Amino acid sequence: QEGTKVPSKRKQNTSVVTSDLLHKNLLKSEQKNWNSISPTYKAMTKRIKEKLEELHNMYTLSSGSPRMRLGENVYFEENGCIFLAKADDGEGNAEILFSVEDLGFSDAFIQRIRISPDQRYMAISLKSENSEEATCIIIKLGNLVVVEKVIPSVFSFEWAANDVLYYTTQKNLKCQNVFMTTFTYQKHTKLVYTEQDARFFVDLYCTKDRRFLTINSNSKTSSEVWLVDCRHPFEPPALVQARTTGVIYHIEHRKDQLYILTTYGEPAEYKAILTDNYIHRINLDTYCRSYRNSKLMKAPVASSGKENWQLVYALEKKTKLVDFEMFSDDCIMFLKNAGHLYLNVISFVSHSVQSIKLPSWACEFELESHPELTTSTCYFQLSSPVHPPKRFAYSFKENNLIEQAVQEVPIITNCHTTRLLAKSKDETLVPITVFHNKNSKELHRRPLLVHVYGAYGIDLNMSFKEEKLMLIEEGWILAYCHVRGGGEQGLSWHRDGCQHNKLKGLHDLRACIRLLHQLGFSQPKHTALAAASAGGVLAGALSNTDPALIRAVVLQAPFVDVLNTMMKTHLPLTIEEQEEWGNPLEDEKCMTYIKSYCPYQNIKPQCYPSVFITAYENDERIPLTGILQYVQKLRKAALDHASRTSKKGNWIPNIILDVHANGSHCDSSWEHSLNE
C-alpha cells in the first residue's frame, strides 16, 4: 500500500559484500603464499611421487578390483571399464561391455554397480572429484549396450525386480526422498517415501536373498526401516519398527525370519554410520551399513515389532562389529577387539559359533562384493596401512580359513606391528597401534607420524596406503591413536568422546603421544600429527594446549571452527551434527564447553608447531572461510609470540595452506591423491 515503509536491506547487503570480499582477499593471499613456497619442495616432491608410483604399480594394481558373480557370469570394473567374463573361462577372455568415456563422463569414476536379477539392466553411479553428488546411469545390456535413463544427484539405488529400480536423491548433503522407476511396458517414476526429520539420512539396501529391499532412515541415535517386498515391488513399504530414541537397527532376512542387528536392550553396542565420509575412497556399501558392536536378534516377518525380537547372539563388551554377511545356513561376523580382528561364524543349522583370530598384522577387512547366498566359501581381503590387501577365504564345508595364492606380490616382512594401551587423565586405557621398520635402530631418534580422528563413532582409516609403506621403508614410525569419540571399542567409546565429553578425546591423544615418547618411540622435536576432517578438532586443540609435544601438524580439509559452524543453522549439516557436538544456540553450557576446546577460539601467542593444511575451494562439508580465518589467526599468533621473545634457538613455524580449486571432501582418484 502507498505510504508503507519498506525495510532497508542496504546494511545487510553491505555486510554480505564485505564478507565475500574478505573471503576472496584471504584466498588470493593464501594462493600467492603457496605459489611462492611450493617450488621449495619441488625436488622432494618429484622423488616421493616416483616412489609412490612404483609402490602403487607393485602392490595396489596387482590386487585387482572386487568381482561380482551372478550365476555363470562375473562382472568387474577396471580403469573405468566394465568387463563381463564367464566363471569357468577365466578373466583372460573377458569382454568389455562399455567404458565411462563411452558414456561421456571421462572425468568421473564408477562408485557403485547394481545389476538387475535377470541381468538385462545395469545401474551404475558416476562421480567426479568436484562434487559429492553422483549421477546414476541405467544401461540395457545385450549385443548393443543402450543408455535407458540418466538420473542426477543420486546416492543409493537397488533393484527391487527385473525392471524396477528404487533410488534416493541427494541435495545439500541430505538424502530424504526415495523414488521408484520402471523400464518396460508402462515406464514411470514415482515418489515412494519422504523423510521429514532433518536429522535423518535415508539409504537403500537389498537383503542377501533379495526377498526385501529395505528403506533405512538413520540419525546418529535412532533408526527406522521400511520393507519393500521384492515379489510385489509396487505395493507400499511396510514398517518394521517405528523409530525409538537410542534404538538403531539393520535388517537381513532368512526363511521368513527377519534377522536384526540392533542396540535394543542391554548391552547396546551397534550403530549405523552415515556421516563424515572423508578423504579416502570408500566402499559405498560398507559406508551405508557400518556397525559398532551389536547383538543379533530375530523376529517373524509378519510380527516385526521390537516386542517380538528374540536374542540370537550377543557380542562381548568392547567388541566392535565391523561387517556382517548372511548366507543360506550361516552368517559371518567380522569383529574387532582390543585392536585384533576376528571372524565369527554362526551356524543356523548346528546353532554353534566358531571364532577365528585373524593375522595379528591385519587392521582392515573388505568383503568381496556380493558373495552369493548359497556359496560354500566366503572371500575377503585383509590389509593394514603398510600391508597391501591380501585375499583370504573361509570354507563353510571345511570350517577353516584359507590364505589365497595370488599374483606374485612382494611380502612385507620388515615391518613390526605393536599394540599399546595409554592411560588417559581419567585412568581409561586408550589403544594405540604402532608400525615401524624391524631394522630401525635408536627409535628415539626416528621421526614419528601420529594419526587421530575421534568423532562420529568412526574408526581411524587403517587401509593400505602407499605413502605409509614408503615412510616405513624410510625409517619412520607410524602410530594410530584410537581415542574416544571414534568407534574402535563400540557405542560407549563414541558416547564418551562426543558432546560434553569431547575433551576426553583430547586427553586421550595427549596421553598416547606422551606414552610413545616415554617408551622411546621418537621425541617431540621429531613428531608430526596427521588428521583429516573432524579429526582436525583434536589435532587443532592439542596444538593449542600442548604445542611442545609435536613439531608439525598435517591437516586435510580440517574442521577447526566448531563454534561458529554450529551457530549457523543454514549450513547443510548443522542440525544433523548437533547430536555429535551439541547445540550452542539453545544451550549456554554447551556454548561455553565448545569454546573451551574449539581450535579457532583458543589460538594464542605461543610457539606453535609448523602446520600444513590442504583444503578444497568447493567443500560442502567444511566451509573454506573458516579454514582461511583459522590460518590467518594462527599465523598472527605465531608471529606475535616470535616478536615478543628473543630466546636462543627461537623459531617461527611454517604455516602453509594449499587450496585446491578441484577435488572435494570425499572420494578421490588415485591420480588426485597422488598429487596431494
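A salt bridge here is a side-chain nitrogen of Lys or Arg within 4 Å of a carboxyl oxygen of Asp or Glu. Before going further: this is a predicted model, where local features need pLDDT of at least 70, side-chain atom pairs count only at pLDDT 80 or more, and totals for chains, interfaces and linings use all residues. Residues are numbered from 1 along each chain as its sequence is written, and side-chain values use heavy atoms, with hydrogens and water left out.

By that rule, there are 31 salt bridges. Let's start at Asp459, whose side chain meets that of Lys320 at 2.5 Å, N to O. Lys320 sits in strand 20 (residues 319–326) and Asp459 in the loop between strand 30 (448–451) and helix 4, so the pair ties together parts 139 residues apart in sequence. Helices (H or I, at least four residues) and strands (E, at least two) are DSSP runs, numbered from the N terminus.

Asp459 has a relative accessible area of 14%, and Lys336 counts as buried at 11%.

Now for Glu474, which pairs with Arg47, the closest N and O atoms being 2.7 Å apart. Arg47 lies in helix 2 (residues 42–63) and Glu474 in the loop between helix 4 (466–473) and strand 31 (477–481), so the pair ties together parts 427 residues apart in sequence.

Conventions
Buried means under 20% relative accessible area, exposed over 50%, partly exposed in between (1.4 Å probe, protein chains only).
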